Amino acid sequence: MTPQLNDVLCRVEGAAPMGKIMRAHWMPACMIEEVAEPDGAPVRARLLGENLVVFRGTDGRVGALEEQCPHRRASLYFGRNEEGGLRCLYHGWKFDVEGNVLDMACEPSAERVCRQAKHRSYPVREAGGFVWVWMGDPEAPSDFDMPAWAPTPDTRISIVKMHVDCNWAQVLEGSIDSAHSSSLHSTNMPSAADVDGSTATDEAWFRPTVDKAPRIESEVTSYGFRYAAIRRPLVNEETHQYVRSTLFVAPFTVLIPPNDQYNLAQMLVPIDDVNCMFYWIAWHETKGIEQEAWRRFCAARVGVDLDANYRKLRNASNDYMQDREAMKNGDFTGITGIPAQDMAMWESMGPIADRSHDMLGSSDLAIVRFRRQMLAAAKAVEAGKPAIGTAQPRIPHVKLRSFEGVIPKTVDWKTLDARRYQEKREIVVENV
């Protein structure tokens, strides 16, 4: 990995090829809960180096506009959201959710000018707990694909949102790095011989293995790739193996192995070249975890663990409030919360990690796959070819599932990519 290729992988602003790939996919701008109220306060969002403002109009529709007013570039974030539009405080220009100029309070012949003026807006969809925006050609948005965590209208969805002070790629590499969980998260994911898969309580996820050196196998797919981390189980080691499969759904989504209560996904969304937004979604059609309980488990509650802008109170400036005494007493990291543990590692690499100095091993197979695949995708999109994840055949994302469980060694993990029905803890083979 040369410094030049490292930049191709990480940078998303302007005409960067990785940004072109992102613009071929719908991107989450914010959570629906942030703009739930008609005529409520607007929300800032920043994607691919562009500043947006998101708001819900009087009629319930959501709009996403360029943040700067086209008149004199004041921020619309401070605007009044009222009577069908967002009004700039500076001179009173008012815009609807589609960017149409409804009023120019400071102009004597406002009606004539309004019909000719339009502010930059972005196509919007609401699904799976998120407001999604289209950052590509506004005249040709792609068909919207429901996310994996919204297979039914009644699916129970809980979301953690946290700002990360580094580029998106090194965060995503953490999400597809199954080997690190056995060390970094060992306090939160302890071993237990009396479980046959990841078993969630209010405090921890118990796992049926002490094996910290998984064997990694991978397979390229039309949506990205999937891989399995294969470990020795605590019981029946001679005949069985503990498998945790993870799906990389290009360009920024990862379906990580579930537990017995809920499925899990992460989105690592580029804010700009050196910042990203981390979303961690827990969902299940019938079980699941309540929103407040999920944020408490992840130590990601606004006002307790995060500020109003979803920035961590445990951060690099205070060494993530690492407790060395707790480490002496058995806590592996001394850092509270799985996300903060991860972010201490990601952010410590710097805003853009210098991958040219990496010393990779066999447990990094998925990392190598990601880098090669996305660099090839960047080269392809620069040559005018379709962005990764957009060409046929396309598998609807709601059909995708990660997998985890103890299975006989005679079973091929590739046949288990759909789901395990956790209510009965039965393995169901379903080829996609």
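Are Glu-347 and Lys-312 buried or exposed? Both residues are buried (under 20% relative accessible area, with exposed meaning over 50% and partly exposed in between; 1.4 Å probe, protein chains only). The model is predicted, so that local features need pLDDT of at least 70 and side-chain atom pairs count only at pLDDT 80 or more, whereas totals for chains, interfaces and linings use all residues. Residues are numbered from 1 along each chain as its sequence is written, and side-chain values use heavy atoms, with hydrogens and water left out.

Glu-347 and Lys-312 form a salt bridge, with 2.8 Å between the closest N and O atoms (a salt bridge being a side-chain nitrogen of Lys or Arg within 4 Å of a carboxyl oxygen of Asp or Glu). Glu-347 belongs to helix H8 (residues 338–348) and Lys-312 to the loop between helix H6 (291–297) and helix H7 (324–328), so the bridge ties together parts 35 residues apart in sequence. Helices (H or I, at least four residues) and strands (E, at least two) are DSSP runs numbered from the N terminus.

Over the whole structure, 30 salt bridges are found. Arg-371 pairs with Glu-173 at 2.8 Å, N to O; because Arg-371 lies in helix H9 (residues 365–382) and Glu-173 in helix H4 (residues 168–175), this pair connects parts 198 residues apart in sequence. Arg-371 is buried at 9% relative accessible area, and Glu-173 is likewise buried at 9%. A salt bridge also joins Arg-56 and Glu-126 (2.7 Å, N to O). Arg-56, in strand E3 (residues 50–56), and Glu-126, in strand E9 (residues 124–127), are 70 residues apart. Arg-56 is buried at 9% relative accessibility, while Glu-126 is partly exposed at 38%.

The domain assignment of the protein chain gives domain 1 (26–134) and domain 2 (156–427), with bounds from an automatic or database assignment. The domain centres, taken over C-alpha atoms, are separated by 34 Å. To the contact (heavy atoms within 4.5 Å), domain 1 contributes 16 residues and domain 2 contributes 14 residues. About 1,200 Å² is buried between the domains, 64% of it on carbon and sulfur atoms; buried area is the accessible area (1.4 Å probe) that two parts lose on being put together, summed over both. Met-31, Arg-46 and Phe-130 lose the most area on the domain 1 side, together 38% of what that side buries. Across this interface 3 salt bridges are found.
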